[in-house]
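Thanks for coming. Please look at the model while I talk.

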Amino acid sequence: MGVPGIDPRLRDLRLSDFRPRSGLRSPEHLVPRAKFAAVDAHNHLGRWLTNGGGWSVPDVSELLDLMDASNVRTIVNLDGRFGDELEANLDRYDRAHPGRFATFCHLDWREAARAGFAERLSVSLRRSASAGARGLKVWKDLGLHVRDERGALLMPDDPRLSDVWDTAGDLGLPVSIHTADPVVFFDPVDASNERLEELLEHPDWSFADRERFPTFERLVEALEGTVAAHPQTTFIGVHVGCFAEDLPWVERMLDAYPNLQVDIAARIPELGRQPRAARRLVVRHPSRVLFGTDEFPPSADIYAIHFRFLETEDESFAYSPEPVPPQGRWAISGLDLPAEALRAVYVGNGLRLIPGIAR
């Protein structure tokens with residue numbers, strides 16, 4: 001029996017068509033500019049992740065205007081790759097606009113399919129550093145897709161890679177490392193998965209198949225083993241140490257390994273739904289957490305949401321300007337970080353860890 005005044009078809013409303021408007025009335029503080037001149041330590045400005053091979057940011061002058069308006073002094077470009085592509089990124093960003101960009105290089109993991117790959121990768125890393133790379137980006141394909149000459153998955157803690165990690169340390173290059181992915185991406189894609197809509201939109205982001213992929217636990221174990229075995233190398237565990245869903249684990253890692261840093265890129269949805277624990281982690285380790293967005297191309301709206309999250313105590317606000325939040329249907333609350341912790345996260349840690357961008 002229907003309810004007067006209510007459309008009975010709403011009983012069959014699809015979740016994808018559900019657009020709830022919050023009835024909560026709470027303070028709202030818009031923060032268009034960072035309180036301190038920020039270093040966005042995790043972004044993608046190159047051609048590596050774009051469709052069609054174009055630049056992620058077509059107009060660099062417009063990006064610089066956005067940075068100035070948002071009080072972002074430097075963006076770390078993680079798309080340098082190697083060889084000619086590294087040179088193209090360095091020409092477009094670092095060399096053309098000194099101090100505003102810092103490009104990280106990659107390794108050509110196709111080399112892993114041939115014996116003796118570690119030595120060739122170390123040589124490549126030294127060559128990239130000589131060209132002007134400010135760090136090394138290691139993506140999640142190491143551990144999930146890269147295979148050695150025997151066809152076995154190559155894990156970050158494989159002893160054959162020790163020389164690569166030590167070379168980065170010798171060169172003073174931080175290693176920005178992405179291991180695994182959100183933990184629920186390793187769970188079955190079913191009605192109980194809180195990121196179901198996202199996984200349906202991107203089915204290749206699911207790593208639940210145990211015949212093809214290792215477990216999430218094995219991957220973060222490999223991350224820890226790598227960090228522990230190379231104390232002279234600085235590792236930046238991106239996405240809150242690759243395990244934003246378990247902040248006690250992240251805090252244990254920071255306590256145990258002085259060479260580990262983390263960034264907050266693409267994880268304010270996770271941090272913002274546990275704001276007390278997230279604030280506690282940052283306040284306890286202000287020198288170990290870097291600001292980053294992983295939002296490309298950057299936009300004023302995205303930066304403003306990040307600044308609001310870090311600087312205010314606002315509650316239950318959207319973490320994305322999109323009508324359906326892309327990483328889960330929840331809102332976030334702000335951390336209201338104290339000034340000194342905020343200064344370290346925004347700028348101090350980036351200037352200290354990334355060579356060549358300090359004044």
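First, a term: on a 1 Å grid over the protein atoms alone, a cavity is a set of points where a 1.4 Å probe fits but cannot get out. A pocket is an open set with protein on both sides within 12 Å along at least five of seven lines, and a lining residue has an atom within 4 Å of a point. Grid points are joined across faces, edges and corners, and a volume is the space filled by probe spheres set on the points.

Next, the ground rules. This is a predicted model, where local features need pLDDT of at least 70 and side-chain atom pairs count only at pLDDT 80 or more, while totals for chains, interfaces and linings use all residues. Residues are numbered from 1 along each chain as its sequence is written, and side-chain values use heavy atoms, with hydrogens and water left out.

Now the cavities. The search of the whole structure gives two cavities of 30 Å³ or more.

What is the volume of the largest cavity? It is about 50 Å³. Its lining has nine nonpolar residues, no polar and no charged; among them are Val240, Leu247, Ile264 and Val289. Helix H11, residues 275–284, gives the most to this lining, with three residues. Helices (H or I, at least four residues) and strands (E, at least two) are DSSP runs, numbered from the N terminus.

Helix H6 supplies the largest share of the lining, four residues. The classes are 20 nonpolar, 14 polar and 14 charged.

The second largest pocket has about 800 Å³ of space. Of its 33 lining residues, Ser316, Phe317, Ala318, Tyr319 and Ser320 lie nearest its centre. This lining splits into 19 nonpolar, five polar and nine charged.

Now the sheet. Five strands form an open sheet in the order E4-E5-E6-E7-E8, with parallel pairing. Strand E4 (136–138) and strand E8 (289–290) are the edges, each pairing on one side only. Two strands pair if DSSP finds at least two bridges between them; E6 (235–237) and E7 (260–263) have three. Phe235 stands opposite Leu260 in E7.

Is Lys140 buried or exposed? Lys140 sits in the loop between E4 and helix H4 (141–144), and it counts as buried because its relative accessibility is 10%. Buried means under 20% relative accessible area, exposed over 50%, and partly exposed in between, with a 1.4 Å probe and protein chains only. Setting aside neighbours within four places in sequence, Lys140 is in contact with His178, Ala180, Asp181 and Phe207, where contact means heavy atoms within 4.5 Å.

Ser128 lies in helix H3 (117–131). At 4% relative accessibility, Ser128 is buried as well. Beyond its neighbours within four places in sequence, Ser128 contacts Phe82, Leu86, Cys105 and Ala133.

Note on methods. Nonpolar A, V, L, I, M, F, W, Y, C, P; charged D, E, K, R; others polar.
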